[in-house]
Amino acid sequence: MLKLMTASYQSPCKIFQLRDARTGEAQNFERCTMKLSDKLQGSCTLVGAGPGDPGLLTLKALRAIESATVLLIDDLVSEPIAALAPANARVIQVGKRGGCPSTPQAFIEKLMITEVRKGERVVRLKGGDPFVFGRGGEEVESLREAGIDVQVVNGITAGLAAVTSLGLPLTHRDHAHGVMFLTGHARSGGDTDWRALSCLAQSQQLTLVIYMGVRSAGQIAQELLYGLPAQTAVAVVQNVSLPEQRHIATTLEDMAQDMARHRMGSPAVIVVGEVMASLALAQAHPHKQLQTA
Ligand code: SAH
């Protein structure tokens, strides 16, 4: 039986010295260097879980999940995706499940660093894309500061999936020349200038995709009416790609009222722009109607 003698490889030779437990004889191993060093150093991958449907995971995301030894899972990650974690992996839920407050960001980052240093293959599983309003940037910075290299695997972001699930395009040669992804819940002190955005959206024919906007929908709509016509088409899509997905098609002036009337709650994406107009047209009558997928 061979016992590990040195805890780290002798860079740049990358040779581990192992001692035979019976004879006491030392041997150098070069071939197994990668595996041993992987285990000793651990690894960290930020993985985008997409909007919820496991069918929308990338193959790369699936492979990372399947090879994880520790998974830190966010609230927005659906149950069927969380269930893909290997049976022997440690799964840590860091969201707000059960009405509890979410785990503080600093604690999550510390936990990731600790587990990587223990030699674990850490996968941080986040809803949608890790780098779209997901604090993925903060996590990567924190791990890099700790000297840990982080891999990032894209996921399909909710705003993109929301519009596609309605069979509509985010951009269209005739109606929208671009798209803006916005947060309705900016960090304090960093308020979004919705009036300026409304003028830009109108003059440049841009589709606005608003995340985390349910709570401030009334205020956002009010501000957007500054530069956009009252009849601008709006779609609000809740639980994108999940069996519970539902949406409303409305207009900017009626948006807040319709959201409240149909009890549109989080998670939902608000899409403002003329590309949404065909949704209202597709619905036989009143251009405001609750739809369930
Ligand atoms: N990184 C995520 C966004 C996280 S911010 C992504 O790329 O999708 C959280 C917000 O994302 C929610 O408030 C909601 O606006 C949106 N969101 C995430 N998942 C969603 C889903 N399945 N359906 C609707 N909106 C969703």
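Q: Which residues come nearest to the ligand?
A: In this predicted model, Gly128, Gly134, Thr157, Ala158 and Val240 come nearest, out of 23 residues around the ligand.

Q: And which elements give two or more residues to that shell?
A: Helix H6 (158-165), strand S11 (233-238) and strand S13 (268-272) do.

Q: How do the shell residues divide into nonpolar, polar and charged?
A: There are 13 nonpolar residues in the shell around the ligand, along with eight polar and two charged.

Q: Where does the ligand lie relative to the domains?
A: The ligand lies between domain 2 (42-153) and domain 3 (158-292), because both of them give residues to the shell around it.

Q: OK, over to S13. Buried or exposed?
A: Buried: that goes for five of the five residues of S13, so the strand is largely enclosed by the rest of the structure.

Q: Which way do the residues of S13 point?
A: Ala268, Ile270 and Val272 point one way, while Val269 and Val271 point the other way. Side chains in a regular strand alternate between the two faces of the sheet. In S13, the residues pointing either way are all buried.

Q: What about pairing, say with S11?
A: S11 and S13 are antiparallel, with five bridges.

Notes. Residues are numbered from 1 along each chain as its sequence is written. This is a predicted model: local features need pLDDT of at least 70, side-chain atom pairs count only at pLDDT 80 or more; totals for chains, interfaces and linings use all residues. A residue is near a molecule or strand if its C-beta atom, placed from the backbone, lies within 6 Å of it. Helices (H or I, at least four residues) and strands (E, at least two) are DSSP runs, numbered from the N terminus. Ala, Val, Leu, Ile, Met, Phe, Trp, Tyr, Cys and Pro count as nonpolar, Asp, Glu, Lys and Arg as charged, and the others, Gly among them, as polar. Domain bounds come from an automatic or database domain assignment. A residue is buried if 20 or more other C-beta atoms lie within 10 Å of its own, exposed if 12 or fewer, and partly exposed in between; C-beta atoms are placed from the backbone. Two strands pair if DSSP finds at least two bridges between them.
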